[in-house]
Amino acid sequence: MRRLLTVAILAALVGTAAACGDSTDNNTSASSSTGATPAATSASPTPTVDVKANTKAVCGKAEKIITEDNVKPIGEQIGIMIAAKQSKNKQAETAAAAKAKQLADALAEQLRALKAEAADPKLQAALDKGADGIKLFGSPDYLAKINTLNDMDKLTTDIDAAGKDLEALCA
């Protein structure tokens, strides 16, 4: 899953950077359906939950959230931001960075929402950590470090680390 995230972002960046600032605002937002929040699980300690089956179901949902289609718009915005930085267009750079943050935050919250459905505390923690990794794609501190495609190494290492536990539990 973390590899998909990294590959999807890099593929989108390469495509966007190759277009040299094609600033078409692709708003196929990753947050298209955040309104349907899972119902809160009851606090009763029921030993009848099949943790293995629950983990498989939650992982399946996580994989549907972390798709190339959902991640690509973030990469496109980062690519637009890089092109704007290189052409010294501060307004376009700021707009693209803000859009990347908005998309990354929305995608991270979709992943984090699955925590309420997860029976395994390790999976809950992994979902949180994975969501934190996705949020890095829109973090102003991280985006400030990205001036070229080569700078993505700074980001992918942390994102890979953030997705490691989730990938292990969902393998």
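How do α4 and α5 lie to each other, roughly parallel or roughly antiparallel? Let me start there. The two helices pack at an angle of about 175 degrees, and their axes are 8 Å apart. Therefore α4 and α5 are roughly antiparallel to each other.

Some terms, quickly. Axes are lines fitted to C-alpha atoms, for helices over the stretch in contact, and angles run from 0 to 180 degrees between N-to-C directions. Under 35 degrees counts as roughly parallel, over 145 as roughly antiparallel, 65 to 115 as roughly perpendicular, and the rest as oblique. Helices are DSSP runs of H or I with at least four residues, strands are runs of E with at least two, and numbering starts from the N terminus.

A word on the source. This is a predicted model, where local features need pLDDT of at least 70 and side-chain atom pairs count only at pLDDT 80 or more, while totals for chains, interfaces and linings use all residues. Residues are numbered from 1 along each chain as its sequence is written, and side-chain values use heavy atoms, with hydrogens and water left out.

Now the whole chain. It has 7 helices and 0 strands. Of its 171 residues, 43% are buried. Buried means under 20% relative accessible area, exposed means over 50%, and partly exposed is in between (1.4 Å probe, protein chains only). Take contacts between residues at least 6 apart in sequence: 79% of them join residues at least 24 apart. Contact means heavy atoms within 4.5 Å.

Back to α4 and α5. On the α4 side, the contact includes A104, L107 and L111. On the α5 side, L127, A131 and I134 are among the residues. By class, this contact has 7 nonpolar, 1 polar and 6 charged residues. Ala, Val, Leu, Ile, Met, Phe, Trp, Tyr, Cys and Pro count as nonpolar, Asp, Glu, Lys and Arg as charged, and the others, Gly among them, as polar.

Next pair: α3, residues 68–86, and α4, residues 90–113. Their axes come within 8 Å and cross at roughly 160 degrees. So α3 and α4 are also roughly antiparallel to each other. Their contact includes I74, I78 and M81 of α3, and A96, A100 and L103 of α4. It divides into 14 nonpolar, 2 polar and 3 charged residues.

What sits in the loop between α3 and α4? K88 does. K88 has a positive phi of about 60 degrees although it is not a glycine. Most residues other than glycine have a negative phi. K88 is exposed, at 74% relative accessible area.

Now the core. Nonpolar side chains tend to be buried together in soluble globular proteins. Here the largest nonpolar core has 35 residues, and I78, M81, L111, L123 and L127 touch the most other members. A nonpolar core is a set of buried Ala, Val, Leu, Ile, Met, Phe, Trp, Tyr and Cys residues joined through side-chain atoms within 4.5 Å. The largest share, 8 residues, comes from α4.

Look at L111. Leaving out residues up to four places away in sequence, L111 touches I65, L127, I134 and L166, among others. I65 lies in helix α2, and at 11% relative accessibility it counts as buried. I65 and A108 are 43 residues apart in sequence, yet 9.1 Å apart in space, C-alpha to C-alpha.
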